[in-house]
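Trainee: I'd like to learn how to read a sheet and its aromatic contacts. Can you walk me through it with an example?

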Amino acid sequence: MWLLLAFALIEAGGLVWLYLAKPISPYFKLIPPSAVVSSYFDQTSLIEILKSNASWPPITRGSGELKSWLARTKLDRPEQILKLFNDQMALAIDRNSTWLILATVKVSSDVFQQAQDTAEQSLKQNYNLISDSYRQIAITQVKPLNQEEGRLFYAKVQGYFILANDSALIKTTIDKIIK
C-alpha cells in the first residue's frame with residue numbers, strides 16, 4: 001500500500017514538473033474565453049500536409065475557393081507572407097462563427113512594414129482597406145468592393161499579428177496584449 005502511494009506521489013510530482021517546465025504557448029492568454037474551439041498549429045507543417053493530400057475531399061472543396069480568393073487579392077506570392085511569421089500560430093472560433101488567428105512576427109519591423117505595404121497595394125485592386133486606430137494601434141479592415149459581407153480585420157501589436165472577422169474581438173485581443 002505504501003509503495004503504491006509513493007509511486008502515485010512520484011508520478012504526480014513528475015506530471016506537475018512537466019506542466020511547469022513545458023513552455024506555454026505565446027497565445028495561451030490571448031485566446032478568447034468564449035472560444036469553443038482553439039488550436040495551435042505549425043503553419044509550415046500544415047501547408048506541407050495540404051500540398052501532399054491535395055485530393056483529400058475537405059481540401060479539394062476548400063482549394064477552389066482559396067484559389068479564387070488568392071486570385072482576387074492579386075498577391076504575387078502569398079507563401080512569402082507566411083515567411084514573415086513564426087511557424088506556430090493559433091486559431092480560435094466561438095459559437096457565433098467569430099474567429100481569430102494569432103501569429104508572432106519573426107522579421108524586423110521594417111521588413112514587415114515593407115511586406116505589408118506591398119500586400120496592401122495588391123489588395124486595394126479588389127478590396128477597400130479602411131484604417132482605424134484603437135489605443136494607438138492601427139486596425140485595418142479589408143472589405144470587398146462589391147459586397148457588405150466578408151470583412152476581415154488585422155493589426156500588428158507588440159510582435160503579434162492578429163487576423164479576425166470581428167472588430168470587437170480584435171480590440172479585445174489588443175487589450176490583452178497591451179496589458
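Mentor: First a definition: two strands pair if DSSP finds at least two bridges between them. Keep in mind that this is a predicted model. Here, β1 and β2 (residues 85-94) run antiparallel and are joined by 7 bridges. One of the links is Tyr40, whose bridge partner in β2 is Ala90.

Trainee: In what order do the 7 strands form the open sheet?

Mentor: As a general idea, strands of a sheet pair through backbone hydrogen bonds, either parallel or antiparallel. In this model the pairing is antiparallel, and the order reads β1-β2-β3-β7-β6-β5-β4. β1 (35-42) and β4 (127-134) are the edge strands, each pairing on one side only. On average, neighbouring strands are turned by 20° against each other, direction ignored.

Trainee: Which strands does helix α5 touch?

Mentor: Helix α5 (residues 109-123) packs on the sheet and touches β2, β3, β4, β5, β6 and β7, with its direction at about 165° to that of β6. Helix α6 (residues 167-178) runs at about 10° to β6 and lies across β3, β4, β5, β6 and β7.

Trainee: And how many aromatic pairs does the structure hold?

Mentor: A pair of aromatic rings is described by the distance of the centres and the angle of the planes. There are 5 aromatic pairs here. Take Phe85 and Phe161: their pair is tilted, at 5.2 Å centre to centre and 40° between the planes. Phe85 sits in strand β2 and Phe161 in strand β7, so the pair ties together parts 76 residues apart in sequence.

Trainee: Is Phe85 buried or exposed?

Mentor: Buried, with a relative accessible area of 5%. Phe161 also counts as buried, at 16% relative accessibility. Phe85, Phe112, Tyr154 and Phe161 form one aromatic cluster.

Methods
Residues are numbered from 1 along each chain as its sequence is written. This is a predicted model: local features need pLDDT of at least 70, side-chain atom pairs count only at pLDDT 80 or more; totals for chains, interfaces and linings use all residues. Side-chain values use heavy atoms; hydrogens and water are left out. Helices (H or I, at least four residues) and strands (E, at least two) are DSSP runs, numbered from the N terminus. Axes are lines fitted to C-alpha atoms, for helices over the stretch in contact, and angles run from 0 to 180 degrees between N-to-C directions. Contact means heavy atoms within 4.5 Å. Rings of Phe, Tyr and Trp (its six-membered ring) pair if their centres lie within 6.5 Å; planes under 30 degrees apart count as stacked, over 60 as edge-to-face and the rest as tilted. Buried means under 20% relative accessible area, exposed over 50%, partly exposed in between (1.4 Å probe, protein chains only).
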